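Subject: A structure for you to look at

Hi,

Here is the structure I said I would pass on.

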Amino acid sequence: MAQGLFQSSIGRKFAMALSAFFLLIFLLQHLLVNFLSVISPEMFNAVSHFMGLNPLVQFALQPILLAGIIFHFVLGFVLEIRNQRARGPVKYVRKNRSQNSTWMSRNMLLTGAVILAFLGLHLYDFWWPEISHKYVHFDAPDAHRYYGELVQKFTNPIRVGIYILAFVLLALHLMHGFQSAFQSMGANHRRYNGFVKTLGTLYSIVIPLGFIIIAVYHYINA
């Protein structure tokens, strides 16, 4: 059944939409946790420490999340390559496409690739130190180290600039991807399209802006 699902174009788009919803929920949750570092360093340390020692988070939720991210971006690249092949090399097709579509929809592959590269940097910044503390150096758990490690990452203006660029591209990616996910799930009705578009625009601005505020706040106050 799963094999038949991925063999059809509709099935692949449906799976892409499901993975998109999963990542949309994760982004919201991730922002709420990280924003605690702006509100209360103590709360941020407490929540981070709980998640760092929770076996369910470490050995179930994190692997599922990582698999979801890889699945979403790999499937997105596959769908975009198939679409480009289906369009063919005819110049007027490309011209008409630029007139009838947005830059965001035409460059989902580009923004996705940059975001994927940024995720590698993000994992190196925050996931690898956690693994190193526990499984490489076997350090004793320190419930107060998380806030300091977060702030230290944002003392470098180049790194902050990379974060800002990545989240601007994420906003552009979400501008198209949010509504597209709903359409792929069959939620395409003129009665609700306006609401979905407005909700998608708000989400696409507020979530990346929240992450940018966190990076800039810690850079300024480092």
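Below is what turned up, going from the overall fold to the salt bridges, the surface and a pocket.

Before anything else, please keep in mind that this is a predicted model.

**The overall fold**

What is the protein chain built from? It has 10 helices and zero strands. If you walk along the sequence, the pattern reads α-α-α-α-α-α-α-α-α-α. The protein chain has 222 residues, and 35% of them count as buried.

**The salt bridges**

Some background for this part: side chains of opposite charge can pair when their charged atoms come close. How many salt bridges does the count come to here? The count is three.

Put together, Asp 125, Lys 153 and Arg 159 are linked in a network of salt bridges.

Are these three residues buried or partly exposed? The cut-off to know is that buried means under 20% relative accessible area. Asp 125 has 2% relative accessibility, so it counts as buried. Lys 153 is at 18%, so it counts as buried too. Arg 159, at 22%, counts as partly exposed.

The remaining salt bridge to look at joins Glu 149 and Arg 145, with the closest N and O atoms 3.0 Å apart. Because they are four residues apart in helix α8, about one helical turn separates Glu 149 from Arg 145. Glu 149 is partly exposed at 26% relative accessibility, whereas Arg 145 is buried at 13%.

**A nonpolar patch on the surface**

Next, turn the model until you find Leu 66, Ile 70, Val 74, Val 78, Leu 123, Tyr 124, Trp 127 and Trp 128. These residues form a nonpolar patch on the surface, and together they have about 740 Å² of accessible area. Which helices supply at least two residues each to the patch? They are α4 (55–87) and α7 (108–136). Leu 66 is a handy place to start, and you will find it in helix α4. Its relative accessible area is 37%, so Leu 66 is partly exposed.

**The second largest pocket**

Rolling a probe the size of a water molecule over the atoms shows where empty space is left.

Which residues line the second largest pocket? They are Thr 102, Met 104, Met 175, His 176, Phe 178, Gln 179, Gln 183, Lys 197, Gly 200 and Thr 201. Helices α9 (157–184) and α10 (190–221) each supply at least two residues of this lining. With five residues, α9 gives the most to it. By type, the lining divides into three nonpolar residues, six polar and one charged.

**Two pairs to find in the 3D view**

Take Ser 184 and Leu 18: they are 166 residues apart in sequence, and their C-alpha atoms are 9.1 Å apart in space. Ser 184 is found in helix α9 and counts as partly exposed, at 25% relative accessibility.

Then take Ala 215 and Thr 155. How far apart are they in sequence and in space? In sequence they are 60 residues apart, and in space 9.3 Å, C-alpha to C-alpha. Ala 215 is found in helix α10, and at 2% relative accessibility it counts as buried.

Definitions and conventions:
Residues numbered from 1 in each chain as written. Predicted model: local features only at pLDDT ≥ 70, side-chain atom pairs only at ≥ 80, totals over all residues. Heavy atoms only, no water. Patch = residues over 30% accessible without salt bridge, like charges linked within 9 Å, V, L, I, M, F, W, Y side chains within 5 Å. Areas by Shrake-Rupley, 256 points an atom, 1.4 Å probe, with all protein chains shown as cover. Salt bridge = Lys/Arg side-chain N within 4 Å of Asp/Glu carboxyl O. Buried < 20%, exposed > 50% of the residue type's maximum accessible area, 1.4 Å probe, protein only. 1 Å grid on protein atoms, 1.4 Å probe; cavity = no way out; pocket = protein on both sides within 12 Å on 5 of 7 lines; lining within 4 Å. Nonpolar A, V, L, I, M, F, W, Y, C, P; charged D, E, K, R; others polar.
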